[in-house]
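Let's take a friendly look at the charged side chains here and how they pair up. The sequence and model come next.

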Amino acid sequence: MPAPLRRAVRGWFDSRYVSLADHRQDIKDTLREVQTLGREVTALRAEIDRLRERVAKAGVDQAQARRWDDAHRLAQETAVAMDGVLQNEVLLWQAVDRLPAPGPDRSPGQAIDRLPGGTPAPGPERSSGGPA
């Protein structure tokens with residue numbers, strides 16, 4: 001192979017790939033990093049064990065645990081109730097948005113006979129508050 005071609009190919013390889021010395025240094029750096037991480041994991045495991053021992057020694061009295069459980073249950077029930085309230089509010093505002101706008105033949109306070117879609121509007125005689 002001619003020398004200029006060999007130099008061109010070698011230059012192309014050198015520019016495209018990492019040199020052997022750089023590759024060895026990268027491997028050494030990676031090994032050092034892995035060893036450091038291994039020491040950190042070992043230290044964290046020891047700390048976890050130490051904290052678990054502290055929790056086991058501390059213990060929680062039953063009255064306090066019942067109060068926490070009760071507070072958690074009440075918080076969940078409150079969240080479910082608030083979710084229902086918010087869903088009802090969304091439904092209410094969607095119904096308000098579907099109401100026809102007052103036109104020239106209707107004043108803003110005038111009752112409507114039919115809802116959008118042809119559904120009869122509930123009147124005082126058809127309220128859901130009493131027997132039908």
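## Terms and model

Buried means under 20% relative accessible area, exposed means over 50%, and partly exposed lies in between (1.4 Å probe, protein chains only). By that scale, Glu 77 is partly exposed, at 43% relative accessibility.

This is a predicted model, in which local features need pLDDT of at least 70 and side-chain atom pairs count only at pLDDT 80 or more, while totals for chains, interfaces and linings use all residues. Residues are numbered from 1 along each chain as its sequence is written, and side-chain values use heavy atoms, leaving out hydrogens and water.

Side chains of opposite charge can pair when their charged atoms come close. A salt bridge here is a side-chain nitrogen of Lys or Arg within 4 Å of a carboxyl oxygen of Asp or Glu, and the count comes to 4 salt bridges.

Glu 77 bridges to Arg 73, with closest N and O atoms 3.0 Å apart. The two are 4 residues apart in helix 3, so about one helical turn separates them; helices (H or I, at least four residues) are DSSP runs, numbered from the N terminus. Arg 73 also pairs with Asp 70, at 2.4 Å between the closest N and O atoms. Both of these residues sit in helix 3 (residues 62-98), 3 residues apart. Arg 73 is partly exposed at 38%, as is Asp 70 at 34%.

Through shared partners, salt bridges join Asp 70, Arg 73 and Glu 77 into one network.

## A pair in helix 2

Arg 32 and Asp 29 form a salt bridge, their closest N and O atoms lying 3.1 Å apart. Both belong to helix 2 (residues 20-58), about one turn apart.
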